[in-house]
Amino acid sequence: MEIEFFGVRGSIATAGPDTLRYGGNTSCVSVRAGGRELIFDAGTGLLPAGNRIRPGQRVELFLSHLHWDHIQGFPFFRPGYIPGTDVVIHAVAHEGEYFKPVHDVLSDQMRPPTFPVGLEVMGGNLHFVDVPQNTRVDLGEVEVRHAAVDHPNGCFSYRVDCGGRSVVYATDLEHGESVDPALCELARNADILIYDAMYTPEEYEGEVGPSKRGWGHSTFEAGADLADAAGVKQLILFHHDPSHDDEFMDGLRERAAKRRPGTDVARQGMILRP
Ligand SMILES: [Zn+2]
Ligand SMILES: [Zn+2]
């Protein structure tokens, strides 16, 4: 299993000299396993992720939810334009107030006057799958499961298992007073937990700026609590706040590794082989 980070930033892309080392693209992580190419989320990191897909290579794209920073790269996903290339777009269907089929959401995104051309210009074989909640997606040797998490308009964390290796992609979620039992079960004994640590505990509690309670994101401390409870091997912090520059991220990385040894911060271009 090989995990590669193409976008690690939350909310909005942050290109610039102060974010060069950790990276400015929004959420996009590829997982290569069992001969399959899986990509989690379609933030602006989807552009470089797509550029390394070979024509004809099948891609399984999983969306955690449909906020801008997780779908904005989709119209620029080159494999989607290559005739004969299969791109399967999976998103979990839920019963929330704002549920819409994933096809309709991506199609609405590509429409004048905010986008010049429609989804129909993408000439690849696009397959849209509204995954029924609490079901498993089987892709040969690869198994993908999910769990609902607490985030405005709904969001899902995913777990990939293949050949005894596992990674959990848990972004855009807010922790509660105690560890979420469903997420803990999903992350049970995982090799790697990629976790939304957008805010420091001080930012979250409102000791620095306004309180971030109810904004749908989490902290490295809550991530470490979850990783401890679930017996995760390595915690990787993800969905960095746009205001956190490289220097700030260095400090966060140090603090998090003190709280839970081995913890690291996701950087654009980082590759993990659990
Ligand atoms: Zn986000
Ligand atoms: Zn979100």
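Trainee: Which residue stands opposite valine 87 in β6?

Mentor: Begin with the terms. Strands are DSSP runs of E, at least two residues long, and helices are runs of H or I, at least four long, both numbered from the N terminus. Two strands pair if DSSP finds at least two bridges between them. In this case, valine 87 faces leucine 126 of β6. The strands β5 and β6 run parallel, joined by eight bridges. Between them the chain passes through α3, in a right-handed β-α-β crossover. Right-handed means that, with the strands pointing away from you, the path from the first strand over the helix to the second runs clockwise.

Before we go on, note the ground rules. This is a predicted model: local features need pLDDT of at least 70 and side-chain atom pairs count only at pLDDT 80 or more, while totals for chains, interfaces and linings use all residues. Residues are numbered from 1 along each chain as its sequence is written, chains are lettered from A and ligands numbered from 1 in the order written, and side-chain values use heavy atoms, without hydrogens and water.

Trainee: In what order do the seven strands form the open sheet?

Mentor: The order is β6-β5-β4-β3-β2-β1-β14, with mixed pairing. At the edges, β6 (125–132) and β14 (271–272) each pair on one side only. For an antiparallel case, take β2 (residues 28–33) and β3 (residues 36–40), which share five bridges. There, valine 31 sits opposite leucine 38 of β3.

Trainee: How many bridges pair β3 and β4?

Mentor: Three, in the parallel sense. Leucine 38 is opposite glutamate 60 of β4. The chain goes from β3 through helix α1 (residues 46–51) to β4, again as a right-handed β-α-β crossover. On to the next pair: β4 and β5 are parallel over five bridges. Glutamate 60 has valine 88 as its bridge partner in β5.

Trainee: Which residues cover the faces of β4, and are they buried or exposed?

Mentor: First, the general idea. In a regular strand the side chains alternate between the two faces of the sheet. Buried means under 20% relative accessible area, exposed over 50%, and partly exposed in between, using a 1.4 Å probe and protein chains only. In β4, Val59, Leu61 and Leu63 lie on one side, Glu60 and Phe62 on the other, and all are buried. Five of the five residues of β4 are buried, so the rest of the structure largely encloses this strand.

Trainee: What covers the buried residues of α3?

Mentor: The cover includes β4, α2 (68–71), β5 and β6, where contact means heavy atoms within 4.5 Å. The buried residues of α3 are Val102, Val105, Leu106, Ser107 and Gln109.

Trainee: Now the metals. Which are the protein donors of the zinc ion (ligand 1)?

Mentor: Donors are N, O and S atoms within 2.8 Å of the metal (3.2 Å for Na, K and Ca); water is not among the atoms, so sites may look incomplete. For the zinc ion (ligand 1) they are Asp69 (OD), His70 (NE2), Asp172 (OD) and His239 (NE2), at 2.1 to 2.3 Å. Both aspartate 69 and histidine 70 are buried.

Trainee: Which residue coordinates both zinc ions?

Mentor: Aspartate 172 does, and the zinc ions (ligand 1 and ligand 2) are 3.7 Å apart. The zinc ion (ligand 2) also has His65 (NE2), His67 (ND1) and His151 (NE2) among its donors. Histidine 65 is buried, at 6% relative accessibility, whereas histidine 67 is partly exposed, at 25%.
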